[in-house]
Amino acid sequence: NPHFIFNALNSIQDYIVLNQKNLASDYLGKFADLIRNYLHFSDTGFISVPDEVHNLNLYLELEKLRFEEELDYRFIVDKNVNTDFINIPTMLIQPYIENALKHGLLHRKRDRKLHISIQKESSNIITCVIEDNGVGREKSKEINKRRESHHKSFALKATTERLELLNFGKEKKIGVEITDLIENNVAKGTKVILKIPILKKQI
């Protein structure tokens with residue numbers, strides 16, 4: 001996402017201007033690792049679950065700065081999928097996490113929580129659940145409308161188009177289910193469930 005890259009470079013620039021060299025170096029190192037990993041795995045088309053979780057951690061560490069450290073995120077990864085022998089499509093999970101941050105948690109002032117779980121549902125399917133306690137989709141739409149923001153989310157648009165390509169002609173397709181979390185008629189967040197066919201399994 002060009003907006004993420006622009007924000008990351010701005011943050012590095014701020015550290016340099018404020019003469020916070022150690023923070024600038026640390027942030028730049030993580031940013032470089034993330035970009036290098038994304039470029040590498042975009043060529044292969046698939047990624048192992050441990051590598052995917054590593055990249056997502058790097059991404060969330062960088063995004064946490066935008067939330068002024070007011071972001072609590074947690075990964076729960078089933079040991080049965082936490083192996084280099086099981087692979088999934090690259091850049092599939094990250095855009096949904098980005099969407100949770102941008103449209104749900106960014107509009108919440110404090111106590112922002114993001115939970116990501118990855119488990120093996122069957123011999124051929126991995127389930128990834130992304131749950132946030134943000135303002136919900138309807139509230140987010142209202143906020144964006146008031147701000148006269150009519151552009152479609154880059155991440156969501158790119159993901160939708162990529163899903164169509166990944167699923168084209170495939171017997172086992174990637175499934176996506178998005179649910180609004182409601183309690184006493186009040187939005188309490190959003191849950192995304194991804195059903196991902198194992199792309200490649202090596203023995």
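In helix α2, the buried residues are A24, Y27, F31, L34, N37, Y38 and F41, where buried means under 20% relative accessible area with a 1.4 Å probe and protein chains only (over 50% is exposed, and partly exposed lies in between). Helices here are DSSP runs of H or I with at least four residues, strands are runs of E with at least two, and both are numbered from the N terminus. An α-helix has 3.6 residues a turn, so residues three or four places apart point the same way. The buried residues of α2 pack against α1 (2-17), β1 (46-48), α3 and α4 (94-105), with contact taken as heavy atoms within 4.5 Å.

All of this comes from a predicted model, in which local features need pLDDT of at least 70 and side-chain atom pairs count only at pLDDT 80 or more, while totals for chains, interfaces and linings use all residues. Residues are numbered from 1 along each chain as its sequence is written, and side-chain values use heavy atoms, with hydrogens and water left out.

As for length, α2 covers residues 21-44, and at 1.5 Å a residue its 24 residues should span 34 Å; the expected span is 1.5 Å times one less than the number of residues. The end C-alpha atoms are 35 Å apart, which agrees. Just after α2, G45 takes a positive phi of about 85°.

Rings of Phe, Tyr and Trp (its six-membered ring) pair if their centres lie within 6.5 Å; planes under 30 degrees apart count as stacked, over 60 as edge-to-face and the rest as tilted. By this rule there are two aromatic pairs. One joins Y15 and Y27 edge-to-face, at 6.0 Å centre to centre with 65° between the planes. Y15 sits in helix α1 and Y27 in helix α2, so the pair ties together parts 12 residues apart in sequence. Y73 and F75 form an edge-to-face pair too, at 6.4 Å centre to centre and 85° between the planes. Y73 and F75 are both buried, and so are Y15 and Y27.

Turning to the strands, five of them form an open sheet with mixed pairing, in the order β2-β4-β5-β7-β6; two strands pair if DSSP finds at least two bridges between them. β2 (72-77) and β6 (175-183) stand at the edges with a single partner strand each, so one side of each is left without a neighbour in the sheet. From one strand to the next, the twist averages 15°. β4 (residues 113-120) and β5 (residues 125-132) pair in the antiparallel sense over seven bridges, and L114 has D132 in β5 as its bridge partner.

Two helices lie across strands of this sheet. Angles run from 0 to 180 degrees between N-to-C directions, and axes are lines fitted to C-alpha atoms, for helices over the stretch in contact. α3 lies across β2, β4 and β5, at about 175° to β2, whereas α4 lies across β4, β5, β6 and β7 (186-197), at about 155° to β4.

What about the core? A nonpolar core is a set of buried Ala, Val, Leu, Ile, Met, Phe, Trp, Tyr and Cys residues joined through side-chain atoms within 4.5 Å. The largest one has 44 residues, and those with the most contacts inside it are I93, I97, L114 and I130. Its largest share, seven residues, comes from helix α3 (residues 49-66).
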